[in-house]
Amino acid sequence: MAHRRRGVGVGRTRAGASRPGGSVPASGQRRTSSAAMPSSQMQIQMPQTQDDRLQKKADEMHALSMQSALDTVEKLQVKLADFAKKHQSDIQDDPAFRQQFLQMCAPLGVDPLVSQKGFWAKTLGVGIGDFYYELAVKVAEVCFSTRSKNGGIMALAEVCDTLNRNKARRSSSSSKRKSGKKDQLYSKGDIAVAVKKLATLGGGFRIVTVGTSDMIVSVPTELDQDHVEIMALAQDGEGCVAVENVTRQLRWNEDRVERALALLLQEGMVWKDDYHGISFYWFPSVWKEKMAIEAGAQ
Amino acid sequence: MTEGDFEYPEFYSFPPFFTIQPVEATRQKQLALWRELILKYHTQNKLKTLVVHECPLWKNDSIGRKLDETAVRTVCSDLVDSGHGEWLDEEETACRILWRKPEELATDVYEWASQTGNVGGGICTLYELHSGEDVNGASFEGIDEELLRRALAILEDEGKCTVFQGETSSEDGIKFH
């Protein structure tokens, strides 16, 4: 990668300037005594005519540190590319490693996920972007296939479990795998990245945090804070709410509760359960997640 | 398989499953799940008839829920409307469960006949076809005779078998071509 110089007005005073620690440029050495003083004193002692020169110097120094920062970033990007090349298989196979790699890229303004072509795709072979696009398709499939039961809300953990189960089933059915490597599972972080990919396509894909869980919503229905709070309340219990316990715990009037529940019911996000004269409203998504946790605990 | 071995699907423990849903789309899904459950239950346990007031499916004690009478009616009507059940009486107290649609059953029977070498002149009785040793594990093992006859009628129309009258209806003979 070429080391192009960026920044402004740094052409002249380059030599030795990238030394860290704010080194004093050559032309400033004549005034070392004044430069060492605190800046407030300096301004008082400086004759008016030197003001401009000082400003100019300050600009130069600023530009230099800017340049050195840019150089550092550029070097880091090169390092990152080397790193990616070296650990290509880890990035593609190990979810924890992949997550950390992405975290490393983010502050440098590098997003390997969007680089389908060009440098990153070449560096990473298939491209880590492809990995997430494929995963995104799978996530969408799982969400769509369960939509009629859960109204388009599904716990992220459940989606993750489902995909990993499918993956395990597939790899055990094709028992003669050429590599002895065991199939790596998707992490919840992977699923979250995939949902963000889907979000850019429209269609309402998003993650809504409810209490302690992340829920994937796969329908464009607008959910406001009221809906989310009701869902969180259901999560505190068995997965359901009744009008009465919402009004009591959230201190809303009945009207507000019923309005929120009406939408959730209409969208199939809750199912109604008439039990001993009281109507309970169950979230299949929350209920299923609780069942899974219970099953896991046993 | 005894009835105790039946593995209930997950949604059988979902309390609202026992309340007929007020929203149309959700209700359709719910009825489809009920249909699936009833068919699976009766097929796996080799039960030919659903007696409305005796069917254990309506009630799940482990979660303290049951379908009320109106709900049972709704579920049963849906089953009949979908072609998977037939009322046996006018009062609608018992329902024949069609494990498989007659066309599917016809295919199954003919496939069985080919595999067991009966095609091309082999003869068996109607009784043997639903309760004989050779049909162990077949989808029509233990099936209602009436349903079996319908499937055979389809095969006759296609020229794949001929049914001869026996001394009793169970002794009717079938020759596969």
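1. Buried is used here for a relative accessible area under 20%, exposed for over 50% and partly exposed for the range in between (1.4 Å probe, protein chains only). By that rule B:Trp34, at 0% relative accessibility, is buried. The model is predicted, so local features need pLDDT of at least 70 and side-chain atom pairs count only at pLDDT 80 or more, while totals for chains, interfaces and linings use all residues. Residues are numbered from 1 along each chain as its sequence is written, chains are lettered from A and ligands numbered from 1 in the order in which they are written, and side-chain values use heavy atoms, with hydrogens and water left out.

2. Aromatic pairs. A pair of aromatic rings is described by the distance of the centres and the angle of the planes. Rings of Phe, Tyr and Trp (its six-membered ring) pair if their centres lie within 6.5 Å; planes under 30 degrees apart are stacked, over 60 edge-to-face, and the rest tilted. The count over all chains is 16 aromatic pairs. B:Tyr8 and B:Tyr12 are stacked, because their ring centres are 4.5 Å apart and their planes at 15 degrees. B:Tyr8 is partly exposed, with a relative accessible area of 33%, whereas B:Tyr12 is buried at 4%. B:Tyr12 also pairs with B:Trp34, with centres 6.5 Å apart and planes at 80 degrees, so this pair is edge-to-face. B:Tyr12 lies in the segment before α1 (24-44) of chain B and B:Trp34 in helix α1 itself, so the pair ties together parts 22 residues apart in sequence. One aromatic cluster includes B:Tyr8, B:Tyr12 and B:Trp34, together with B:Phe6, B:Phe11, B:Phe17, B:Phe18, B:Tyr41 and B:Trp58.

3. Elements and helix α3(B). Helices (H or I, at least four residues) and strands (E, at least two) are DSSP runs, numbered from the N terminus. Helix α3 of chain B (residues 102-115) has 14 residues and spans 20 Å from its first C-alpha to its last, close to the 20 Å expected at 1.5 Å a residue; the expected span is 1.5 Å times one less than the number of residues. Its buried residues include B:Leu105, B:Val109, B:Tyr110 and B:Trp112. Among the elements covering them are α5 (145-157) and β8 (173-176) of chain B. B:Gly117 follows the helix and has a positive phi, near 75 degrees.

4. Strands β5 (residues 271-275) and β6 (residues 278-282) of chain A run antiparallel and are joined by 5 bridges; two strands pair if DSSP finds at least two bridges between them. A:Lys272 has A:Tyr281 in β6(A) as its bridge partner.

5. Positive phi. Most residues other than glycine have a negative phi. A:His276, in the loop between β5 and β6 of chain A, has a positive phi of about 50 degrees and is exposed at 68% relative accessibility. B:Lys46, in the loop between α1 and β1 (49-51) of chain B, has a positive phi of about 55 degrees and is partly exposed at 32%.

6. Interface. Contact means heavy atoms within 4.5 Å; 15 residues of chain A are in contact with 16 residues of chain B. About 1,600 Å² is buried between the two chains, 69% of it from carbon and sulfur atoms; buried area is the accessible area (1.4 Å probe) that two parts lose on being put together, summed over both. In chain A, A:Trp271, A:Lys272 and A:Trp287 lose the most area to chain B, together 39% of what that side buries.
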